[in-house]
Amino acid sequence: MSWGNKAGTRARLMWADGNRNSCRLLQRICSGFTLIELLVVMAIIALLLTIALPRYWHSTDRAKEAVLKEDLAQIRIAIDQYHADRGKYPDRLEDLVERKYLRSVPRDPLTESTSTWVVVSPPEATAGAVYDIKSGALGTASDGRNYTDW
């Protein structure tokens with residue numbers, strides 16, 4: 001005789017045999033997971049998380065660094081185009097947006113702010129105010145350089 005897949009089927013079969021105590025015992029054994037089984041599963045999940053989470057955090061840091069490099073490159077290209085067209089550097093970053101060289105001033109991905117960019121003035125004071133731009137983020141990148149040196 002087949003026991004079936006459900007605890008209720010087993011209980012009915014045991015009840016049909018007339019042994020009431022073995023039916024209760026069978027329902028207790030088959031009704032759920034034991035504490036040991038749950039602890040083993042939780043330990044396996046915790047082990048997998050300890051392997052995966054550090055890799056995830058490092059990948060998000062590297063992604064922010066890549067976005068920062070790309071934003072700096074795009075802003076520097078816009079500054080150079082502005083200088084080539086107008087013969088002087090912009091007086092502020094917003095001039096690049098107003099003159100349609102940029103759609104908007106990008107947020108620094110590390111500080112998550114548009115106001116933390118560090119503006120480098122040109123050697124000649126009459127040539128404008130924005131010669132170059134650097135990140136205002138504190139700290140060191142994954143390659144060992146400071147963010148303010150990029």
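Tutor: A salt bridge is counted here where a side-chain nitrogen of Lys or Arg lies within 4 Å of a carboxyl oxygen of Asp or Glu. By that criterion the structure holds 6 salt bridges. The model is a predicted one, in which local features need pLDDT of at least 70 and side-chain atom pairs count only at pLDDT 80 or more, while totals for chains, interfaces and linings use all residues. Residues are numbered from 1 along each chain as its sequence is written, and side-chain values rest on heavy atoms, with hydrogens and water left out.

To place the charged contacts we need the layout of the chain. The protein has 4 helices and 2 strands, where helices (H or I, at least four residues) and strands (E, at least two) are DSSP runs numbered from the N terminus. Along the sequence these elements follow the pattern α-α-α-α-β-β.

How exposed a residue is follows from its relative accessible area: under 20% is buried, over 50% is exposed, and anything in between is partly exposed (1.4 Å probe, protein chains only). Because its relative accessible area is 24%, Arg76 is partly exposed, whereas Asp132 counts as buried because its value is 18%.

Through salt bridges that share partners, Arg92, Glu94, Asp95 and Glu98 are joined into one network.

Next come the nonpolar surroundings. A nonpolar core is a set of buried Ala, Val, Leu, Ile, Met, Phe, Trp, Tyr and Cys residues joined through side-chain atoms within 4.5 Å. The largest such core has 20 residues, and among its members Ile75, Leu93, Leu96 and Trp117 touch the most others. Helix H3 (35-86) and helix H4 (93-98) each supply at least two residues of this core, and H3 gives the most, with 6 residues. Taking a contact to be heavy atoms within 4.5 Å, Ile75 touches Leu93, Leu96, Leu102, Pro106, Trp117 and Ile133, when residues up to four places away in sequence are not counted.

Aromatic side chains also bring separate segments together. Rings of Phe, Tyr and Trp (its six-membered ring) pair if their centres lie within 6.5 Å, and planes under 30 degrees apart count as stacked, over 60 as edge-to-face and the rest as tilted. A search of the whole structure gives 3 aromatic pairs. One of them is the edge-to-face pair of Tyr82 and Tyr101, with 5.3 Å centre to centre and 65 degrees between the planes. Tyr82 sits in helix H3 and Tyr101 in the loop between H4 and strand E1 (118-120), 19 residues apart, which links distant parts of the chain. Both Tyr82 and Tyr101 are buried. Tyr89 and Tyr131 likewise form an edge-to-face pair, at 5.1 Å centre to centre and with 80 degrees between the planes. Because Tyr89 lies in the loop between H3 and H4 and Tyr131 in the loop between E1 and strand E2 (132-134), this pair ties together parts that are 42 residues apart in sequence. Tyr89 counts as buried because its relative accessibility is 12%, while Tyr131, at 37%, counts as partly exposed.

For the protein as a whole, 25% of its 150 residues count as buried. Among contacts between residues at least 6 apart in sequence, 40% join residues at least 24 apart.
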